[in-house]
Amino acid sequence: MRRTTFFSLLCLGLGLLASPLSLAQDEAPADAPISKKADKKKQPDSPVVKAVKKMKKVKGRLNTKADYYIYLFSASWCGPCCKEMPEIVEQHKKMKKDGRVDIILMGKDETPAGVKGFIKQFNMKFYAVMASDKDATKVPGFTNPSGIPFCIVVDRYGRVMAQSHPAGIIPNWEAYTIDKGVPEPPAETEK
């Protein structure tokens with residue numbers, strides 16, 4: 001009887017000691033719920049986000065998790081820009097709901113105050129920077145256009161998907177962005 005009790009206690013003791021080790025090494029069961037923290041792992045900022053964040057922000061909040069960005073070159077003094085803006089603002093609301101596309105206003109006004117006034121006039125919810133910022137040329141896919149309004153559509157890595165007048169891009173933003181799928185990281189040779 002003593003041997004059985006000793007052996008039982010020994011097995012029980014070893015089992016208790018081994019349990020935490022085996023649980024720590026095992027993966028969670030397939031049907032176990034994923035924690036919110038694990039589900040919302042912070043992905044690194046894209047090259048576009050990193051470069052745009054180095055520019056002096058005028059106003060707004062940048063969607064850092066977007067797969068595509070539309071650089072919108074526009075200004076308060078530009079008649080065609082003002083004419084296009086109500087439609088762009090409406091389409092941006094749809095983009096925000098989707099979450100995979102965002103507009104970055106590359107303000108062509110002479111001062112940040114001019115850009116802020118333009119934003120207020122049309123109730124824009126875009127992230128806004130000055131197109132004349134010294135760091136603008138470091139933004140992947142950025143090209144300073146000769147005329148405005150103008151759009152450049154890039155994926156999160158800065159690869160240009162399209163560029164044209166907003167009337168040709170903004171109403172069809174899905175075709176230039178989310179319809180293309182999630183962008184793949186560039187191959188080593190592209191970096």
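Trainee: Why is Lys53 called partly exposed?

Mentor: Lys53 has 46% relative accessibility. Buried means under 20% relative accessible area, exposed means over 50%, and partly exposed lies in between (1.4 Å probe, protein chains only). So Lys53 counts as partly exposed. This is a predicted model, where local features need pLDDT of at least 70, side-chain atom pairs count only at pLDDT 80 or more, and totals for chains, interfaces and linings use all residues. Residues are numbered from 1 along each chain as its sequence is written, and side-chain values use heavy atoms, with hydrogens and water left out.

Trainee: What makes the contact of Asp45 and Lys53 a salt bridge?

Mentor: The distance between their side chains is 2.9 Å, N to O. A salt bridge needs a side-chain nitrogen of Lys or Arg within 4 Å of a carboxyl oxygen of Asp or Glu, so the pair qualifies. The structure holds six salt bridges.

Trainee: How do you know that Lys93 and Glu90 are about one helical turn apart?

Mentor: Both sit in helix α4 (residues 79-98), three residues apart, so about one helical turn separates them. Helices are DSSP runs (H or I, at least four residues), strands are runs of E (at least two), and both are numbered from the N terminus. The side chains of Lys93 and Glu90 form a salt bridge at 3.0 Å, N to O. Lys93 is partly exposed at 46%, and Glu90 is partly exposed at 41%.

Trainee: Arg159 and Asp155 also pair. Which of the two is buried, and how do you know?

Mentor: Asp155 has a relative accessible area of 2%, so Asp155 is buried. Arg159 is at 25%, so Arg159 counts as partly exposed. Their salt bridge is 2.6 Å, N to O. Elsewhere, salt bridges that share partners join Lys134, Asp135 and Lys138 into one network.

Trainee: What makes Lys134 exposed?

Mentor: A relative accessible area of 68% makes Lys134 exposed. Lys134 lies in the loop between β4 and β5. Lys134 and Met55 are 79 residues apart in sequence, yet 7.8 Å apart in space, C-alpha to C-alpha. Pro149 is found in the loop between β4 and β5 as well. The peptide bond from Ile148 to Pro149 is cis, with omega near 0°.

Trainee: Which residues of the largest nonpolar core touch the most other members?

Mentor: Tyr71 and Ile104 do, in a core of 50 residues. Such a core is a set of buried Ala, Val, Leu, Ile, Met, Phe, Trp, Tyr and Cys residues joined through side-chain atoms within 4.5 Å. β2 gives the most to this core, with six residues. In soluble globular proteins, nonpolar side chains tend to be buried together.

Trainee: How many residues does the protein have, and what share is buried?

Mentor: The protein has 191 residues, and buried ones make up 36% of them. The protein has seven helices and six strands. From the N terminus on, the elements run α-α-α-β-β-α-β-α-β-β-β-α-α.
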